[in-house]
Each structure stands twice: as C-alpha cells, then as structure tokens.
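Welcome! Have a look at it first, then work through each solution step by step.

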Amino acid sequence: MKKIIFLLVVIASLCHHSLRAQVIASDSLALVDLYNSTRGAEWTHNDNWLSGEVSTWFGVTVDNNRVTKLELCIDCYAGSQGINMQGSIPASIGNLTGLTNLAISGNQLTGGIPTEIGNLTNLTWLQFTLDGLTGEIPTSIGNLTSLGTLQLAANKLTGTLPKEIGDLTQLTNWSAVIR
C-alpha cells in the first residue's frame, strides 16, 4: 500500500510540474519568431532560448501557462543595456496577449513598432528605448488601456504623436521623441 501511495505522489508531482512548465503554443511560436527575427543566436544573453522550458529562457516570465513578462535587456528599468538584438520586431509579438511587461532596450533594432502591439491589452509597462526603431508610433497603441508606463525615447521615430495616446487613462509615466 505504501508503494502505491508513493507512486501516486510521484505521478501527481510530475503532472503538476508538467502543467506548470507548459506555455500555450502561440506564445512559444511568437518567442521563437522574435528570436529568429532579431538574430537570437548572437544575443549576449540568450540563456536557454530554444531549449528547455520557456520559463527558463532569459528575460521570460511565465504565469498560468502564459508569457507575462518579456524583459530583453540588462537592468531594464534602470538605464538598461541591450543584449545585441539586431533585426526587426515581428508582427507575431502581438500574439503574446498575456504580457503585462514588455521591455526591449539598448539594441540595434530596425523597422517600426508593429501595429499588432495593440493586441497586448494587458500591458502595464511598454519600453522600447535606445533601440533604433523607425517609422510612426502605431495608432493601435490606443488599445493598451491598462498601460501605466510607455517609454519610446532614443529611437528614430517620425511623424506625430497619435491622438489615441489620449485614450490611455492609466498612463502616468511616458516619454517619446519623434523627429
């Protein structure tokens, strides 16, 4: 009887670990796309990416099978140093709808902020600083009604500030430089 109970405890433990470690497929695929689009193999910090559990990948936080934080910089919230990301942010970033924090700073990114960023309606923190991003801030940014912090400074953004930023009633901390 003790062996059966022990076996049940081991099975329950393994099942709990397996459930905790899984991430929904769309989140995993979006992260792999980001890795490939930004030369992930050349990042200075790509610990565990594309191997092991997603929750062990550098800069990724998982909660309830969803990626909730993506912080791809060193000391993201105090000066931030990049990790040598190069290339563009793929539209699939908009599939990470469980994100509350997205911080990518201090890199050599090209291209614009994808309009799909507006799908990330749970975001409370969005930071793309010192990245080299170009183009206009997408109007879809107005969908991020939970956003408290928006940092877009030190890029090569152009155009005007979208009026939709006025819809962000929770916004208390923001910076953007537009040429």
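**Exercise 1: a strand and its neighbours**

Strand S8 pairs with strand S10 (residues 173-176) in the parallel sense, over four bridges. Strands here are DSSP runs of E with at least two residues, helices are runs of H or I with at least four, and both are numbered from the N terminus; two strands pair if DSSP finds at least two bridges between them. The model is predicted, with residues numbered from 1 along each chain as its sequence is written, and local features need pLDDT of at least 70, side-chain atom pairs 80 or more, while totals for chains, interfaces and linings use all residues. Side-chain values use heavy atoms, leaving out hydrogens and water.

Task: Find the bridge partner of Gln 127 in S8, then the bridge partner of that residue in S10.

Solution: 
1. Strand S6 (residues 125-129) runs parallel to S8, joined by three bridges.
2. Gln 127 has Gln 151 as its bridge partner in S8.
3. Gln 151 in turn has Ser 175 as its partner in S10.

**Exercise 2: a pair of rings**

Task: Classify the aromatic pair of Tyr 35 and Trp 43.

Solution: 
1. Rings of Phe, Tyr and Trp (its six-membered ring) pair if their centres lie within 6.5 Å; planes under 30 degrees apart are stacked, over 60 edge-to-face, the rest tilted.
2. The centres of Tyr 35 and Trp 43 are 5.2 Å apart with 70° between the planes, an edge-to-face pair.
3. Ring pairs link Tyr 35, Trp 43, Trp 49 and Trp 57 into a cluster.
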